Amino acid sequence: MKITVVGFWHAFPGKGEAASGYLLEKNGFRVLIDCGSGVISQLQHYCDLSTLDAAVISHYHNDHIGDIGALHYHRLLLPYLSEQKEIRPFPIYGHKEDREGFQRLSYKDVVQAVTYNDQAPLSIGPFTFTFYRTTHPVPCFAMNITDQLSTLFYTADTGFSEQLATAAQEADLIISECSLYKGQDGTKAGHMNSEEAGRFANIANARSLLLSHLPHFGEHRRLVEEAKVECPHTTVEHAVSGWTKII
Ligand SMILES: [Zn+2]
Ligand SMILES: [Zn+2]
């Protein structure tokens, strides 16, 4: 599977960039994971929007759903922009623990919200998603995503949790949130710092770690150095727009 960072900023998009959004591709099937502010604009650098097959949303904070409205309007206009006559409703997968948030994913008859939960894995195209509840002020779900050959674990937003790290066991790549620098405590807000993200990857024995959901201050390089101390056997990088990896 191929992973592309569409956006990586915490809270709001940096100039000309986007908040959380990741593109997952395999055999021509494309899934967008999270759709934060700026994502629909940035996504067009990496694929034609009309070729997107599904979206999966971790939770309903603005930095993960800010561009859902733009996605809705694209799907509304698609019949007029495309030669395709029969266009099926576009599925956006979300959890139903916040009913209002879930309902806002649907739009007219062009976008349909589809529920997921942490009780059973879900097949989306060639991918199998398994969801894990995170430690966050609102219901939020991390995702273990496999194509039966390799595994990506996306922490979504979470405070440090050893149990969650166990769910990421042996992942080829962990995309971990890293909202703060070492020594800063994000526990109350349900966020991890660089040291915790490194510990998370070490417990999981992950092959590689991508720090994302990055803060709007300091030098992101420092986050990598701080995380690396905690997981010496894992390759550590920080997200930038357009970062890609095939696992
Ligand atoms: Zn959040
Ligand atoms: Zn967030």
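Donors are N, O and S atoms within 2.8 Å of the metal (3.2 Å for Na, K and Ca); water is not among the atoms, so sites may look incomplete. This is a predicted model, in which local features need pLDDT of at least 70 and side-chain atom pairs count only at pLDDT 80 or more, while totals for chains, interfaces and linings use all residues. Residues are numbered from 1 along each chain as its sequence is written, chains are lettered from A and ligands numbered from 1 in the order in which they are written, and side-chain values use heavy atoms, with hydrogens and water left out.

**View 1. The zinc ion (ligand 1) and its protein donors.** His 59 (NE2), His 61 (ND1), His 136 (NE2) and Asp 157 (OD) lie 2.2 to 2.4 Å from the zinc ion (ligand 1). Along the sequence, these donor residues follow the spacing H-x1-H-x74-H-x20-D. His 59 sits in the loop between strand S4 (54-56) and H2, and Asp 157 in the loop between S10 and H5, so the pair ties together parts that are 98 residues apart in sequence. Helices (H or I, at least four residues) and strands (E, at least two) are DSSP runs, numbered from the N terminus. Both His 59 and Asp 157 are buried. Buried means under 20% relative accessible area, exposed over 50%, partly exposed in between (1.4 Å probe, protein chains only). Four donors count as tetrahedral if all angles lie between 85 and 135 degrees; four count as square planar and six as octahedral if opposite donors are over 155 degrees apart and all others between 65 and 115; anything else is irregular.

View 2. Asp 63 (OD), His 64 (NE2), Asp 157 (OD) and His 213 (NE2) coordinate the zinc ion (ligand 2) at 2.1 to 2.2 Å. Here the 4 donor atoms subtend angles of 89 to 157 degrees, which makes this arrangement irregular. The donor spacing in sequence is D-H-x92-D-x55-H. Asp 157 bridges the zinc ion (ligand 2) and the zinc ion (ligand 1), which lie 3.6 Å apart. His 64 belongs to helix H2 (residues 62-65), and Asp 157 to the loop between strand S10 (151-154) and helix H5 (162-167), so the pair ties together parts that are 93 residues apart in sequence. His 64 and Asp 157 are both buried.

**View 3. Helix H6 against helix H7.** Helix H6 (residues 194-204) and helix H7 (residues 220-230) pack at an angle of about 40 degrees, with axes 7 Å apart. That makes H6 oblique to H7. Angles under 35 degrees count as roughly parallel, over 145 as roughly antiparallel, 65 to 115 as roughly perpendicular and the rest as oblique. Axes are lines fitted to C-alpha atoms, for helices over the stretch in contact, and angles run from 0 to 180 degrees between N-to-C directions. Ser 194, Glu 195, Gly 198, Arg 199 and Asn 202 in H6 meet Leu 223, Glu 226, Ala 227 and Glu 230 in H7. Contact means heavy atoms within 4.5 Å. The buried residues of H7 pack against H6, strand S12 (208-212) and strand S13 (235-238).

**View 4. Ser 176 in its strand.** Ser 176 lies in strand S11 (residues 173-177). Ser 176 is buried, with a relative accessible area of 1%. Beyond its neighbours within four places in sequence, Ser 176 is in contact with residues including Thr 155, Met 192 and Ala 197.
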